[in-house]
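Hi there,

Here is the structure I promised to pass on to you. Have a look at it first, and then read on for what turned up.

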Amino acid sequence: MADTAPPAVTDQITTIDTSVPHSARIWNYWLGGKDNFEADRMAGDQVRAIFPAMVETARQSRAFLTRAVRFLAGEAGIRQFLDLGTGLPTADNTHQVAQRVRPESRIVYVDNDPMVLAHARALLVGAPEGLTKYLHADLRDPDAVLRQAAEHLDFTQPVAVLLFGVMGHIGDDDQAVSIIRTLLAAVPSGSYLAMSDGTDTSEAVVESHRQYNESGAMPYHLRSPERIARFFDGLELVEPGLVPFTQWRPEAGAAPAAVDGYGAVGRKV
């Protein structure tokens with residue numbers, strides 16, 4: 001099924017408060033992008049001053065996404081992807097990675113930020129053999145997400161549910177687990193959950209995020225690896241399991257990097 005991008009949504013840009021930092025724009029700044037404002041750069045620099053490895057963490061998180069999606073589209077044979085908490089477009093977005101492996105792959109992005117909405121609809125145009133769609137929806141309402149996604153994905157066939165760097169915005173563990181369980185209940189056996197998130201594994205990371213949460217941006221809550229592991233309960237973890245995301249199937253010859261974050265891929269059996 002071919003897909004054409006709908007017109008960019010420009011009227012919603014006026015609702016953006018550029019004086020308040022936003023995680024998607026801060027992440028864009030760390031990755032070297034230009035879709036950010038002074039408040040985002042100030043908040044990003046504040047984190048980096050305390051935890052200098054934050055920029056490398058952002059880059060390595062993106063590299064984990066690339067490896068995980070490549071595995072899912074290739075070895076795992078997945079052709080449908082539900083990417084929640086898309087963020088601003090950058091290099092190697094999910095549809096680009098998946099459709100390089102299988103051009104017929106169908107990708108549905110989900111985010112609730114109007115600036116992300118406008119950029120994604122303008123820029124996230126995929127292979128004509130597949131499908132690339134963007135939904136303006138909130139992860140905190142997974143039923144609404146699933147209703148919209150069902151217009152573009154076949155939930156009788158396996159789906160990869162992607163949660164890269166987003167569950168930290170859900171502070172309550174029980175709520176986070178409930179969201180993931182609702183999403184996974186909608187997809188059949190043979191589907192996958194791929195996710196990564198920040199961890200409270202060093203004092204510098206904890207302090208940098210404490211100050212970040214006081215900046216006015218949407219709070220991001222660090223978790224221990226043990227708490228993140230709970231999100232994969234009942235799933236069959238793909239080797240090497242839940243590990244620092246630089247250690248998840250690294251590229252041959254990749255140099256080790258000290259970063260903040262764990263990641264894993266799990267299969268629904």
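Beyond its neighbours within four places in sequence, Val205 is in contact with Phe51, Thr199, Leu222 and Asp260. Please keep in mind that this is a predicted model. Val205 belongs to helix H8, which covers residues 203-213, and it counts as buried because its relative accessibility is 2%, where the cut-off is under 20%. The C-alpha atom of Val205 lies 8.4 Å from that of Val47, although 158 residues separate the two along the chain.

Next, the aromatic residues. The whole structure holds five aromatic pairs. In one of them, Phe64 and Trp248, the ring centres are 5.6 Å apart and the planes stand at 90 degrees, so this pair is edge-to-face. It links distant parts of the chain, 184 residues apart: Phe64 sits in helix H3, and Trp248 in the loop between strand S7 (243-244) and strand S8 (262-268). Phe64 is buried at 0% relative accessibility, and Trp248 is buried with a relative accessible area of 0%. Both are part of one aromatic cluster with Phe71, Phe164, Tyr192 and Phe245. Arg249 lies over the face of Trp248, 5.3 Å from the ring centre.

Helix H3 (residues 54-73) also meets helix H4 (residues 94-101): their axes come within 9 Å and cross at roughly 35 degrees, in a right-handed crossing. On the H3 side, the contact involves Leu65, Thr66, Val69, Arg70 and Ala73, and on the H4 side Thr94, Val97, Ala98 and Val101. Of these residues, six are nonpolar, two polar and one charged.

Best wishes

How values were computed: Residues numbered from 1 in each chain as written. Predicted model: local features only at pLDDT ≥ 70, side-chain atom pairs only at ≥ 80, totals over all residues. Heavy atoms only, no water. Axes fitted to C-alpha atoms, helices over the stretch in contact; angles between N-to-C directions. Helix = DSSP H or I, 4+ residues; strand = E, 2+ residues; numbered from the N terminus. Left-handed = near helix turned anticlockwise from the far one by under 90°. Contact = heavy atoms within 4.5 Å. Nonpolar A, V, L, I, M, F, W, Y, C, P; charged D, E, K, R; others polar. Buried < 20%, exposed > 50% of the residue type's maximum accessible area, 1.4 Å probe, protein only. Phe/Tyr/Trp six-rings, centres within 6.5 Å; stacked < 30°, edge-to-face > 60°. Lys NZ or Arg CZ within 6 Å of the ring centre and 35° of its normal.
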